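Here is a short briefing on one protein model.

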Amino acid sequence: MTIRFANFLAMLVCCAGALAGKTINVPAGGDFQAALNSAQGGDVIRLAAGATYQGPFVLQANPGASYITIRTSAADSALPPAGTRIDPSYSSVLPKLVGDGDRDSPILTTTPGSSHFQFIGVEITPTPGAALYQLVQLGTGSETSLDQLPTDFVFDRCYLHGDPAVGARRGIAMNVPNVTVMNSYLSDFKIVNADSQALACWNGPGPLTITNNYLEGAAENILIGGQDPTIPNLVPTGITIRRNYFFKPLAWRVGDPSYQGTHWSVKNLLEFKNARQIVVDGNLFENNWADAQAGFAILFTPRNQDGTAPWSVVSDAQFTNNIVRHVASAVNVLGTDDIYTSQQLHNITIKNNLFEDVSYGWGGTARLFQVLNGALNVTFDHNTGFPDGAVSMADELPSPGLRFTNNLATHGSYGFSGSDYGEGNVALAYYFPNNVFQANGIICGNASLYQSGNFFPAVIGDVG
């Protein structure tokens with residue numbers, strides 16, 4: 001028995017060593033692609049801190065569930081601690097994966113068998129002066145079945161950025177299952193007369209986990225949907241977005257004193273066009289102005305974008321504990337696509353958020369909320385906002401199932417209104433049948449226009 005137990009222990013040690021894999025060191029000037037080609041699950045590829053590796057690169061097949069790790073050779077102590085966001089000041093200790101200058105050639109791409117890759121402490125950037133279409137392409141975006149997709153990718157404490165002068169269209173195209181982007185810094189994703197994003201997904205099933213990143217994109221900082229999936233009936237599912245900083249630099253805004261002279265196409269901070277089972281919690285959203293669109297910061301708007309995906313839907317979303325500030329308008333909710341056929345948006349909860357400086361100074365209508373065209377079961381609860389325009393505006397088809405409770409907002413110019421029905425109870429009755437509208441405070445509002453059970457402080461100081 002003693003001998004057998006000893007042999008068993010030896011076998012465990014041997015297996016543990018096999019699972020741990022080997023370390024492949026790639027010195028400055030070394031062949032990173034060759035290292036990728038030879039690596040197996042459990043291996044660690046160490047790239048020289050601060051060195052530049054000329055791409056593009058292809059992540060090869062990696063069968064099994066063990067990750068191949070690509071990381072800086074710098075010690076862990078040279079990076080922010082695990083769970084802490086990186087920033088550009090760490091660039092000197094990050095190996096740099098650089099494109100070849102071809103705008104249509106991503107720096108990192110996958111094969112159908114690519115699986116389980118994680119990047120820790122790596123910088124990914126175009127050749128200076130090159131405006132890449134996208135830096136990282138996970139999946140081609142044109143697969144027609146789920147079994148064609150690679151899977152499982154992690155980017156932790158990575159720095160991805162476009163060229164400061166000419167930008168880049170997209171940081172990571174996340175068209176695969178199981179993507180995690182965390183503690184990373186994505187900046188300078190901007191293009192003239194076209195959409196650009198730090199992160200985007202349209203042909204990946206999810207889940208996606210986006211945690212504690214700095215995210216900078218001109219058109220949409222994050223966009224889910226926006227192109228029709230080529231996989232039939234695909235809806236990205238399981239989207240978790242927590243503790244991120246969404247930001248647009250004022251240097252991108254025409255007319256701002258810091259404007260740098262290039263008119264990038266600006267739209268929104270976060271947009272869902274085809275997604276379900278969404279959690280957006282504890283994020284900071286800052287700076288969004290009217291430009292290529294009206295300036296709403298957050299959009300829940302189902303879109304059958306090109307007319308070939310009538311299953312497109314936005315549903316089962318929780319938008320909670322966020323701060324949204326310095327925006328032309330705050331939240332836009334659309335029931336169904338008003339161009340092509342889509343499914344009906346349903347079950348959206350917007351709760352416990354703070355909306356500051358929703359003002360005409362950003363060029364839009366300064367609406368806190370907007371609900372359009374047959375949205376089903378939308379809840380606004382315990383939000384605080386300071387709009388110049390409307391507390392909420394409704395239009396098009398009625399939206400049943402509204403719950404608007406425990407919210408505090410300045411009245412602004414229009415209060416809670418609906419097109420052609422004015423403010424208050426008349427608009428609520430037409431646009432929101434069987435609504436619940438209770439325990440709200442509308443500062444400077446007219447109590448006679450609303451049902452009892454709400455509050456109308458004369459000035460902010462009366463709120464307490």
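A cavity here is a set of grid points where a 1.4 Å probe fits but cannot get out, and its lining residues have an atom within 4 Å of a point. The model is predicted. With that in mind, the largest cavity is lined by 13 residues.

**Cavity**
- The count comes to one cavity of 30 Å³ or more.
- The largest cavity holds about 50 Å³ of space.
- Val391, Phe404, Asn407, Leu408 and Ala409 are the lining residues nearest its centre.
- Strand 33 (384-387), strand 36 (408-410) and strand 40 (441-443) each give at least two residues to this lining.
- The lining of the largest cavity has seven nonpolar residues, six polar and no charged.

**Largest pocket**
- The largest pocket has a volume of about 260 Å³.
- Its lining counts 15 residues, with Gln293, Ala294, Leu299, Arg303 and Asn332 nearest the centre.
- Strand 22 (268-272) and strand 25 (296-300) each supply at least two residues of the pocket lining.
- By type, the pocket lining splits into three nonpolar, seven polar and five charged residues.

**Salt bridges**
- The model has 13 salt bridges.
- Arg303, listed above for the pocket, pairs with Asp338 at 2.7 Å, N to O.
- This pair links distant parts of the chain, 35 residues apart: Arg303 sits in the loop between strand 25 and strand 26 (314-320), and Asp338 in the loop between strand 28 (329-334) and strand 29 (346-351).
- Shared partners join Arg303, Asp337 and Asp338 into one salt-bridge network.
- Arg303 is partly exposed because its relative accessibility is 21%.
- Asp338 is also partly exposed, with a relative accessible area of 42%.
- Arg242 and Asp281 form a salt bridge at 3.2 Å, N to O.
- Here too the partners come from distant parts of the chain: Arg242 lies in strand 20 (residues 237-242) and Asp281 in strand 23 (residues 275-281), 39 residues apart.
- Arg242 is partly exposed at 34% relative accessibility, whereas Asp281 is buried at 17%.
- Lys190 and Asp188 meet at 2.7 Å, N to O.
- Lys190 is buried, with a relative accessible area of 2%.
- Asp188 is buried as well, at 15%, because buried means under 20%.

**Surface patch**
- Tyr421, Val426 and Tyr430 make a nonpolar surface patch of about 270 Å².
- Tyr421 lies in the loop between strand 37 (415-418) and strand 38 (422-423).
- Tyr421 has 33% relative accessibility, so it counts as partly exposed.

Note on methods
Residues numbered from 1 in each chain as written. Predicted model: local features only at pLDDT ≥ 70, side-chain atom pairs only at ≥ 80, totals over all residues. Heavy atoms only, no water. Patch = residues over 30% accessible without salt bridge, like charges linked within 9 Å, V, L, I, M, F, W, Y side chains within 5 Å. Areas by Shrake-Rupley, 256 points an atom, 1.4 Å probe, with all protein chains shown as cover. Salt bridge = Lys/Arg side-chain N within 4 Å of Asp/Glu carboxyl O. Helix = DSSP H or I, 4+ residues; strand = E, 2+ residues; numbered from the N terminus. Buried < 20%, exposed > 50% of the residue type's maximum accessible area, 1.4 Å probe, protein only. 1 Å grid on protein atoms, 1.4 Å probe; cavity = no way out; pocket = protein on both sides within 12 Å on 5 of 7 lines; lining within 4 Å. Points joined across faces, edges and corners; volume = space filled by probe spheres on them. Nonpolar A, V, L, I, M, F, W, Y, C, P; charged D, E, K, R; others polar.
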